[in-house]
Amino acid sequence: MRKAILTFMATLLSMSTVTAQGVIDMHSHLITPEFLSALQGEERLLDEGFPLPRYDVEAHLRWMDEAGIATSVLTLAAPQPMSAQVVRHTNEVVAALKREHPGRFLFCAALPLPDVDAAIREAVYALDTLGADGIKLATNVQGQYLGAPELDPLFAVLNERRALVVLHPHRPEPVNRQVMQQTPLAMQEYLSETTRAVANMITRNVLARYPHVKVVVPHCGAYLPLAVPRMKSLTPVMQQNQLVGDIDWEANLAALYYDLAGAHSPEVIRMLLTITTPDHLLYGSDYPYVAPQVLTAGLERMRQYLTDEPDLAPFREMILHKNAGWLLGQSETKAEAAVHSGKMLVRLAEIEVYPEHLKEYLDYANEVDRLSVEREPGVICLYPMQSAEDSTQIRILEIYASDEAYQRHLRTDHFLRYKQGTLHMVKALRLPTMQPLDPETMRLIFRKHP
């Protein structure tokens, strides 16, 4: 009896720890017996150069409780099974896990690529019927790399559904077996593979063309903090030689989020912040590929440096759970958080436009407002209105998550393009800052949407 009481008390304590810390793990894997059997039948168990770890749901939950993980997002491990039936079965198994353990597991469904039509059918079924929280995409499947033109119809469907996409590296195709044996894929090539796939998508403006798709890049962004500045610097030369077209860097990068599975550290986070913003960083474990005790120690170390490092401490809760909650729709929206924090900036811009420039000005205004809301997490609302009595009188309701978000907005390429392009069109401008009289009602407004 005493042992049972102690066990019950320990369970309550672990549950309170989870509730208090609320960590969301954006990078964990499911490995089912059926998946292993299928790979064995295809003689592909060692496709990635190392054996797959064992997975047990109860062991995963125990580790989550011990480490203070509230929710784990599950994805299918590499390699990609060849059978669409195996992919469907795995998605149904993980959907059942989500139902059986509400709040503990979410999942991003696998797709039977390289068959794009089958992948579209599975994505629709997973998102609309199974309740998948997103889609997992491999960097390549049998040589079909992300960014390939034949994948555009799939991204169009994901864009319509505003889908979250979680990436994961797979074995490159083709692969040099000798190099793979000398340096296992997970040690280096996985980072190259991730960088390669994201670079492909950027150079084809995939994420700019499908702006409602959000993509989580694994393993601390791989080599992207190094690759992005190089790509930007070489773009004019590539364009001069007609090797690439125009690249919308701002739109592509705005769609990317980064999990910190792997070799996270304060230095790595600072490097990532050279290409992204703090609200795009997410905790990830890579369970069950790393021993639970190692993952627990790593998470505790992360908590510690996110507390001790003055420049990173403001982002501690964002990285551990808030950013993932916003991305997954599991917590209050950024707008609601801004209301609760009391930091929200609200203005009603009062603009008078010269009649001869009215149409051109409206084109500029509509473009900058749309791009700002789509691309900037801190821009909650930019809503332009035109007076019915005098069409030259424009009013824009502006709501920013904070003054810092407003200052970042003023430095964006799309705002500067608007500002410089419309200076000669504006006859008068007033920017009064407004004070919400009832923040609680504003919170309800942000929740009330179709």
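This is a guided tour of a predicted model, stop by stop.

**The whole chain**

Colour by burial next: 52% of the 450 residues are buried. Then show contacts. Among those with a separation of 6 or more, 77% join residues 24 or more positions apart. The accessible surface comes to about 21,700 Å². Carbon and sulfur atoms account for 56% of that area.

**Helix 4 and helix 5**

Select residues 84–100, which form helix 4, and residues 116–130, which form helix 5. Their axes come within 11 Å and cross at roughly 15°. How do the two helices run relative to each other, roughly parallel or roughly antiparallel? Angles under 35 degrees count as roughly parallel, so helix 4 and helix 5 are roughly parallel to each other. The crossing of helix 4 past helix 5 is right-handed.

Now show side chains at the contact. From helix 4, pick Val87, Arg88, Asn91, Glu92 and Ala95. From helix 5, pick Glu122, Tyr125 and Leu130. By class, this contact of helix 4 with helix 5 has four nonpolar, one polar and three charged residues.

**Asp115**

Is Asp115 buried or exposed, or in between? Its relative accessible area is 40%, so Asp115 is partly exposed. Asp115 and Gln144 are 29 residues apart in sequence, and their C-alpha atoms are 9.8 Å apart in space.

**Helix 8 and helix 10**

Select helix 8 (residues 189–203) together with helix 10; helix 10 covers 224–240. The two axes come within 11 Å and cross at roughly 35°. Helix 8 and helix 10 make a right-handed crossing.

Which residues make the contact? On helix 8, show Thr195, Val198, Ala199, Ile202 and Thr203. On helix 10, show Leu224, Ala227 and Met231. The contact of helix 8 with helix 10 has six nonpolar and two polar residues, and no charged residues.

Stay on Ala227, in helix 10. It counts as buried because its relative accessibility is 16%, and the cut-off for buried is under 20%. Bring in Arg196 for a distance check. Ala227 and Arg196 are 31 residues apart in sequence but 9.5 Å apart in space, C-alpha to C-alpha.

**His219**

Select His219, in the loop between strand 8 (214–217) and helix 10. With a relative accessible area of 14%, His219 is buried. Show what surrounds the residue. Leaving aside residues up to four places away in sequence, His219 touches His27, His168, Pro169, Leu191, Asp259, Ala261 and Asp286.

**Leu382**

The last stop is strand 12, residues 379–386, where Leu382 is found. Leu382 has a relative accessible area of 9%, so it is buried. What does Leu382 touch, not counting residues up to four places away in sequence? Select Asp369, Ser372 and Val373, then Ile396, Leu397, Glu398, Tyr400 and His409. Keep Ser372 highlighted. Leu382 and Ser372 are ten residues apart in sequence, with 7.7 Å between their C-alpha atoms.

Definitions and conventions
Residues numbered from 1 in each chain as written. Predicted model: local features only at pLDDT ≥ 70, side-chain atom pairs only at ≥ 80, totals over all residues. Heavy atoms only, no water. Buried < 20%, exposed > 50% of the residue type's maximum accessible area, 1.4 Å probe, protein only. Contact = heavy atoms within 4.5 Å. Areas by Shrake-Rupley, 256 points an atom, 1.4 Å probe, with all protein chains shown as cover. Helix = DSSP H or I, 4+ residues; strand = E, 2+ residues; numbered from the N terminus. Axes fitted to C-alpha atoms, helices over the stretch in contact; angles between N-to-C directions. Parallel < 35°, antiparallel > 145°, perpendicular 65-115°, else oblique. Left-handed = near helix turned anticlockwise from the far one by under 90°. Nonpolar A, V, L, I, M, F, W, Y, C, P; charged D, E, K, R; others polar.
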